[in-house]
Each structure stands twice: as C-alpha cells, then as structure tokens.
Amino acid sequence: MPRGGSAKRRQKQKFYAVYKGRNPGIFDDWVETRLQVEGFSDATFKAFPSHAEAESWIYEQRDKEIRQENARLERDYPDTDDDPDAGEQRGSSYPPLPQDNTGLKVDYPDLDALPARLNARGGDGPGAPPYVSPPERTPPSFTPRQNPEHLCPLKPEQERVLALVKQGHNVFFTGPAGSGKSLILKHIKQYLDGVGRTYAVTAPTGIASVLIGGQTIHSWSRVGKGDKPAVCYINKLKSTIKHPDAKLLGKSAKSGETTWKETQVLIIDEISMLSPDLFEKLSVIGQHARHVNGHPVEAPFGGMQLVMCGDFFQLPPVEKDSEKTCYQCGYPITPREERSYLPPDHGYITERIEFLNEIHALRVDSARWSHCSRTGRDREVCGHLWNETIKYCFQTPTWFKIGFNSVVLTQVFRQADPAWIEKLGKLKVGQVTPDIMTFLLGLRRPLGELASGVKPTRLYTHRKTVVDENDQEFKKLKGTEYCFDAIDEGTINKGTGYSKTVNPQELEEYHFFKNLQVQKEMKLKHGAQVMLLFNIAQNDGLVNGSRGVISGFQQMNYSTFMSGRVARDFERPMLKKYFELKQQDGRVRIPLVHFTTHPTPIPILPVSWNTEIPLFYGSMSYGGRDILGLSRIQIPLALAWATTVHKSQGMTLDYVAVDVGHSFAPGQAYVGLSRCKSPGGMQILGGGRNLEKAFLVDEGVLEFSKRLEEQLARDKENGDGDGDGEAAVGQEGGLGQKREYAKYKEEDGSGEFEDDVHDWERVSSHPTLP
C-alpha cells in the first residue's frame, strides 16, 4: 500500500510555471506557488504535469513578449537609411538607438530571478527559443557615436605618427611622460573609425586599457593569463566554443580565430609592460589564427598592421620568476639554482635564434641561454630556448621581424617649467648628478594643508599602504556618509539595426568594470579628500588627477541638474537617465568639491565610461557585425589621500608626495615624479642619502634608446626624417630589418596542430640538444 500510494502521488504531481509573479520560476508545490502570485498584479502562471512542459511554456511566453516588443520597436523606431549621420560604427552600419525613453516604459518580468539552470539552458530545449533579454525600461546609454569627438589638434611631431599609420606602416612611437601619446591614440582611433577599418585597442593592464577606451590584450586575444603553451591557444581558436555572450545571443560563436582574422589594425598601448614571452606567443598565435588555407602566415602577428606605443623607461612588465612557464610547452621553467646554460657560440643557439647579434647588443647576456628540458611522449625534449635576461619586447626576435617605423616624441606638455623638464629627463635615464641630488633632498621638506583643505596626495608603490591610509583618513571624518551607486549597462548593438540588453548579473563578468578606477559603490563625507577621474573641463584645469575636498552636497532639481555643466549633445541622454534613476522627490544629490585651482566649490555631475568590443561569429549570415557596448555612469571621484604609482598613470597632479624610498622596479620613481606639474607642489618621501638608488634604470632600455636615437639621427641626415620641425622617423634598421616573407608551407603538408605538446614538437623540429 505505501508503495502504491507513493506512485499515485507521483502521477498527480504538478509543476507550476510562474512567468509573472514575485519570484518567477517553476515550483512543485501549490502553497509556495500561491505565495508568488496571490495579490500580484497581472500574475501569469499555469500548471503542467511535467517539469519540461512548464519550462517550455515559460520560454514560449518569453518569446511571445519579445516578438511583440520587437514589432513595436520596428513600428516606433523604423530604419533611417536616408539619414546621412546614421549608423556610424566600426565597419558596420545600423540606425541609431532612440535618444529618449518615451514609449519604452514597459513592465517586464524579472527573468533574471529564474533558476540558473533555466537561464543556462538557452535554446537547447525542444521548441525553446534562444535566450534574449527584453529591452530595458530606458534606452541604453551606449549608442553609436553620431559625431566624432572633438580632439585637440596634433603638433607636427605627433602628426608624423598619424601619417605613418595612414600609410599602413607598422608603427612604434615613444616619448617622455606627458608628451601626448594618449592624444595620438585618440586621433588614430578616430581616423580608423572614419575609414571603416576594423581595429582593436589594447593594453597589458586593466587600468591602462580603460584610459584608452580599450580592453586588455589578454581579453582581446582570448589567452587569459597566457600561461599555457601557444599550441593550446591555437587549437582553442580553431574550435567552436561558447562565447561569453552566447547565452545572451542564443548562438555559439567562434570567439578567437575570427577575431584575429577580422582585425586589421592591432593597437597596443603601454608596450613596456607587456611580457616578452607573451609578446612572442601572441605573434605565433596570430600567424596561425590568420592562416591561409590552413597554412600559417609567416609575418609576425599574422601580417596585421601593428601600432605600439609606450615608454620603456616607465613601468616594466610585472613578472615573477617562479611563475614563468615555457611558452612552447607550458612547463614551469627550471628554478634558477638548477639551471644549466649553453655556451654562447653553441650551434643550437645560433641556428634557432634570429637576430642573435642584435639581441645581444641590447644587453641580453649571451651566457644565459637555457633550454626547456621537459620530456614529452616518445622521450622527445621540448628544447625551447629562452634567456632570463630578456625583460622587454624589444629584446625578442619578433620585434626585429616586425620592422617598426619609429617616432620619438620630444615635446612635453604636462610640465611647463623647462628646468623641471630637464631634471626629469636626466632622472629618467638614471643621471642623478650632485646638483640633482641636492635638488631632490630639498624636496623632502613637508607640504602643509592648502587653503582649500587639500593635503598632498601620497603616491605609494604598494596597494595595501594606499588602502590602509585612505580608510584610516575617511574614518576620522565626522558627519553623514552618502553612498553613490553607479549605473552599469551593457548593450549588444546588432548589425541589423536592433539592440539587446545584457543582464545585470552578466555585467559582473566583464573585466571592463573591474578595471575602472571609479568604484561601483562610492562613499563620501564632508571633508573627504578626492581626486577627479575624468577630464571634465580641461581649459579650467579640471582634469584627470585634479584634487579637492568635499565641501558639501547639493540637492538639484531636473533643470538645475541638466544645466549644471555644459554637456555635449551625446552626453545629455546620459545625464537624463541618471536623474530619472537616482532622483527622489524630483531631486538628486550631487557632491560639491573645492578644488585647489578654483576659489569656489564646483558641483561634480556624473560622466560615462564606455568601451566597444566587436563580437565575431562563425556565421555572419544576418548581415553586419555585433558591437558589445559597456558603460558605467558614476560621479568621477575617488578618495585621494593616497594612491599607487601604478594607478597614477595618465594623471597630472599638482600637490603630491611621492614615496621613492620603496621603489623596487626600474622606472617606478621616475613615473611617480613625472606625474607632478611642478616641483613646488611635490614632496619626496624616503630615500635619504641613497636617493640615487631609487631611480633604477634597466641597462637594456638605455641601450635600446641610444640605438633608436642614433638610427633616427642617421635617417634624418639621409633625408628620411623631419624637415620642418617634425620628429625624426625611421625604419629601425639594426633594430628591426623589414623583411618580405614567402607563404609558409609546412614540410609535412598537414597545416594542422593537435592539442598536444608532442605535435608541437613534431612541427618544430630542432637539432640535437647538447
């Protein structure tokens, strides 16, 4: 009887699908279901004999509502093919999204509250439509840019960089801190947008990538940490894998190989911070990802145009010797105390390493070549050669193969004092003369509090010191604490003219938001020392790095809020959105900041950080390319009693104390000092009489800079450089002979790699090891 009764109950069991209710989902108990729908306006639910039918019904309801909404959007916002300004985007054209939110206030169910297994299912179930998020109640802040950003004009030496890019050359440009490298990148991006060339803007670190409106090179190239052997990434690019946005888009995407193939120009900023091993690995990956009929392309990075920027005298790559792996097989490198080295003239080195003499000339120790001793299947040894004294990309064979046209910028814009610029130039190359030492010791005097209440921001080399000091100072303040929450959004702008909104939960997975200096949740009090994180009024001195003190908070109505700052047309929808979402009783709270450069407090309104990520798929049959737009709207402030030297990138500081005594890497002390506009607003912490040791300079960087300048001088004498005050430009010659490569044909004709180190060894045959 008990068994029969149990079977009877199982036969009568029902599954209740709640599409609209307090907590949408599927329930197997009516009492629990009733709690979700009773008293809920427009509750939509239905009972089914099986879980699969209940799940299918929810998908049907979702699909029906999405179709209705898409039909309404087509009716209310038809295509605008006759609009000459419509559809300006990287290589794709589609009508602009609506700029106001009329007609978009539709109540949608909280689909994000569905069980994770239901959301993760996507379109796999029978009859289940692909998962597509419904439109938000307000239009997304990310829209195709209708008018190019107005940029400051370039100086002649900066124009030379842009001209080389327009001519299709591989370009490397460098210069001291504050020489306008970021402005040049903006002009390059604007030019590429204008001519419809597909490009990627990348940097080795999250902070650097955000400053240039791009993404990390690790994210773009799909290598993650980049610690696996190159062959693994090559095979990963070839296989069809789920794109991070596959659930949103309802399709599988070839997320890697197509990205490499479709990208015409690769921009890498802060190249000095890119690991030389990863630099070479990326080149090999590009050669295979951009293959021709299965055969790798011989040219570095697969032959795409390369634009690289950075100052090797600044921050170097952050690498731990204990974490390094062989880029060919992924095996951990031999510990330093167990390494053995090959003789400098050994044939195994001379036969396998191109540009060996040029590499050694850049202070790479010829007696420090070692080979990976990992033994694979069939007792074969990996044998990849590496040298522990190679620290920068310019010391690799790939750098020489690329054949950069190089430009050295000379004019500094951050500082106006010629004497201070000259001293920074000497400190940059490690020339701590007796006069400079006396000058630096004089800067150890304390800096007091300014009339505005601002104390000097302290630049530290370690993050923990910064966090502790900011927390300690903030807790000392009395008064009410106000919290400002950011508005994070993501939108897939479809090549066909429609847009889909990314679920809030999915936004947390994107590194763009993790890398922003502005916090998602920001707490402020009266008297808090803050720093601007955005250039809101350059002519008035309100730029990224400007410091001030919170002097109060102002409640603004809509009219006051919208007129509080002269906004460009494309910013007004963003401000309107912020007001509508944050207002209480028709007002929003805005912090007032008393800056060091202004006599009266200034209200700081929100700004938007945006980035564009092209999405590539195995099939483009729908016509056009999808663009993932990510944005954060937030008050552009951060606590500024202290920050790290690393996070000070791109900032111009006018009142700062730099801790040079704890510098542990080449360029660190120089970067800290070069953030400051004038020595009158700078204090040096630590160092004592050993100050000269703080200004570490790598000998390889010095040699590279010397040879580059010599080459440019020779080119200028030969008429290849500037003729009217422009920067000297030249093919790197000894630093990178430009070669024409024939199509690569693999000896065994397979043109394929298996996902195994053994097969990498098979196609990378090497002489007998010693």
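Reader: How much accessible surface does the protein have, and what share belongs to carbon and sulfur atoms?
Author: This is a predicted model, where local features need pLDDT of at least 70, side-chain atom pairs count only at pLDDT 80 or more, and totals for chains, interfaces and linings use all residues. Residues are numbered from 1 along each chain as its sequence is written, and side-chain values use heavy atoms, with hydrogens and water left out. Areas come from the Shrake-Rupley method with a 1.4 Å probe, and for residues only the protein chains shown count as cover. The accessible surface is about 35100 Å², and the carbon and sulfur share is 48%.

Reader: What percentage of the 770 residues is buried?
Author: Buried means under 20% relative accessible area, exposed over 50%, and partly exposed in between (1.4 Å probe, protein chains only). By that cut-off, the buried part of the 770 residues is 52%.

Reader: Why do the buried residues of helix H2 line one face?
Author: Helices (H or I, at least four residues) and strands (E, at least two) are DSSP runs numbered from the N terminus. In H2, residues 30-37, the buried ones are Thr33, Gln36 and Val37. They line one face because, looking down the axis, the directions from the helix axis to the C-beta atoms fall within an arc of 85°.

Reader: Which residue caps the N-terminal end of H2?
Author: The cap works through a side-chain oxygen, which sits 3.2 Å from the backbone nitrogen of Val31. The residue supplying that oxygen is Asp29.

Reader: Which side chain does Glu489 have a polar contact with?
Author: Glu489 is in strand S14 (residues 487-493) and is buried, at 13% relative accessible area. A polar contact is a pair of N or O atoms within 3.5 Å; within protein, one must be able to donate a hydrogen and the other to accept it, and residues adjacent in sequence count only if both atoms are side-chain atoms. At 2.7 Å, the partner side chain is that of Lys577.
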